Structure formats: structure tokens, C-alpha cells
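Here is a briefing on one protein model. It covers a helix pair, the pockets, some backbone features and a set of loop residues.

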Amino acid sequence: MRYNKIRKMDVSNGPGIRVSIFMQGCVFNCKNCFNPETHDFNGGKEFTEKTIARVLELCEPEHIQGLSILGGEPMHPKNIDGTTALAKAFKEKFPNKTIWSWSGFLFDRDLKDKEVMNYIDVIVDGQYKDELRDPRLKYAGSSNQRAIDVKKSLKKGEVVLFDEQ
């Protein structure tokens, strides 16, 4: 597994100041994707235990509200084990900070039974659709994408959208 980049202070991918990691590799190739450099599974850098340790170190300051995991596609079968290991290590170390993730896969069809969902607080699901682009959306690029409260959804057994209240 590989990753493309780590942002130490990101204010555009989730609420507050966050650390973001962009996983490498995606098969969706959405038209006008904002991150096409992450599509090639052979690009980027090797994702290792040192990568996880570095991300956790960057998340230590109190002003960091959480971790955002994007791509590429963090939930692709080639990436999900590393994504799960990172999310689990993060939640063990920072149980009161949040994990947000973005995926072209659908939560209720593809992801709800995956182990990684035990650690993620909010997932923005669905492939970006250029014809549904909506710059007014706070956390999604197109109107078909949903910001889902994972904990509430798993508890209720149906999709519960994230509500910032």
C-alpha cells in the first residue's frame, strides 16, 4: 500500500484544524477529480508503520481536532487494511479526536460491515459526479455525496447524516 501526501495542518477536509493523509490508488477516475495524482496505485510513497507513527505524532498537538483520510481511495481493497490500521491506532491514542474519511464506495452498500467503520466518525461517501458539482457543499464536491455519522448509523442500522449541531 502507498500514500500520496500528508498535510500537517488542513482546514478544508473536515471541521477544525486536522491532519490529512491522502492514500494512493483509485479505480473510480471521476471526471474532474480534485486529486488525479492519487489514482495510480504505484505512485506516492510506501505506507509503513513509520507512516502511522508520523501521522500520530502530527496529531498530538491539542489544536489538532482530528484526522482526515482521503485519496485516492482509502477503502479500496488494496488500501483498506492500512487505512484500518491507521484509524485503529489513531482512536486508541486519541479517543476524543475525530476521524473523517472520503470514499467513492457507498457506506450502506459497501462499507458498513468493514472493521474500519468502528473507528471512523464521519464518512463522506459516493463517487464525485462532475455534473452534480455543488461548490456550496461544505464537505462534499457533488450533491450525490453524503456526510454520514458513522457511529449513529451503525447504532440505528440505517444511514444517519452528519449534523454539525
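I52, V55, L56 and C59 in α1 meet A85, L86, A89, F90 and K93 in α2, where contact means heavy atoms within 4.5 Å. These residues divide into 8 nonpolar, no polar and 1 charged. Ala, Val, Leu, Ile, Met, Phe, Trp, Tyr, Cys and Pro count as nonpolar; Asp, Glu, Lys and Arg count as charged; the others, Gly among them, count as polar.

The model is predicted: local features need pLDDT of at least 70, side-chain atom pairs count only at pLDDT 80 or more, and totals for chains, interfaces and linings use all residues. Residues are numbered from 1 along each chain as its sequence is written, and side-chain values use heavy atoms, with hydrogens and water left out.

**Helix pair**

- Helix α1 spans residues 49–59 and helix α2 spans residues 80–93. Helices (H or I, at least four residues) and strands (E, at least two) are DSSP runs, numbered from the N terminus.
- The two axes come within 10 Å and cross at roughly 35°. Axes are lines fitted to C-alpha atoms, for helices over the stretch in contact, and angles run from 0 to 180 degrees between N-to-C directions.
- The crossing of α1 and α2 is right-handed. That term applies if the near helix is turned clockwise from the far one by less than a right angle; anticlockwise is left-handed.

**Pockets**

- Rolling a probe the size of a water molecule over the atoms shows where empty space is left.
- The grid is 1 Å, over the protein atoms alone, with a 1.4 Å probe; a pocket is an open set of points with protein on both sides within 12 Å along at least five of seven lines, and lining residues have an atom within 4 Å of a point.
- The largest pocket has a volume of about 680 Å³. A volume is the space filled by probe spheres set on the points, and grid points are joined across faces, edges and corners.
- Its lining holds 31 residues, of which F34, W102, Y128, G141 and Q145 lie nearest the centre.
- By class, the lining of the largest pocket has 13 nonpolar, 13 polar and 5 charged residues.
- The second largest pocket has a volume of about 160 Å³.
- Residues lining the second largest pocket include L137, K138, Y139, A140, R146 and F162. Its lining has 5 nonpolar, 3 polar and 4 charged residues.
- Q145 lines the second largest pocket, and Q145 is also one of the residues nearest the centre of the largest pocket.

**Backbone features**

- The peptide bond from G71 to G72 is cis, with omega near 15°. G72 sits in the loop between β4 (64–70) and α2.
- N29 has a positive phi of about 50°, although it is not a glycine. N29 lies in the loop between β2 (17–23) and β3 (45–46).
- N29 counts as partly exposed, at 46% relative accessibility. Buried means under 20% relative accessible area, exposed over 50%, and partly exposed in between (1.4 Å probe, protein chains only).
- N32 also has a positive phi, of about 60°, and is not a glycine. N32 lies in the loop between β2 and β3 and counts as exposed at 54% relative accessibility.

- N35 counts as buried, at 3% relative accessibility.
- Not counting residues up to four places away in sequence, N35 touches K5, F22 and G71. G71 is also part of the cis peptide bond.
- K31 belongs to the loop too, and K31 is exposed at 61% relative accessible area.
- Beyond its neighbours within four places in sequence, K31 is in contact with Y128 and D130.
- K31 and S12 are 19 residues apart along the chain, with C-alpha atoms separated by 21 Å.

- A140 lies in the loop between β6 (122–125) and β7 (146–149). A140 counts as buried, because its relative accessibility is 17%.
- A140 touches V124, D134 and Q145, not counting residues up to four places away in sequence.
- A140 and Q127 are 13 residues apart in sequence and 10.0 Å apart in space, C-alpha to C-alpha.
- R133 is found in the loop between β6 and β7. R133 is exposed, with a relative accessible area of 53%.
- R133 touches Y128, G141 and S142, leaving out residues up to four places away in sequence.
- R133 and V159 are 26 residues apart along the chain, and their C-alpha atoms are separated by 22 Å.
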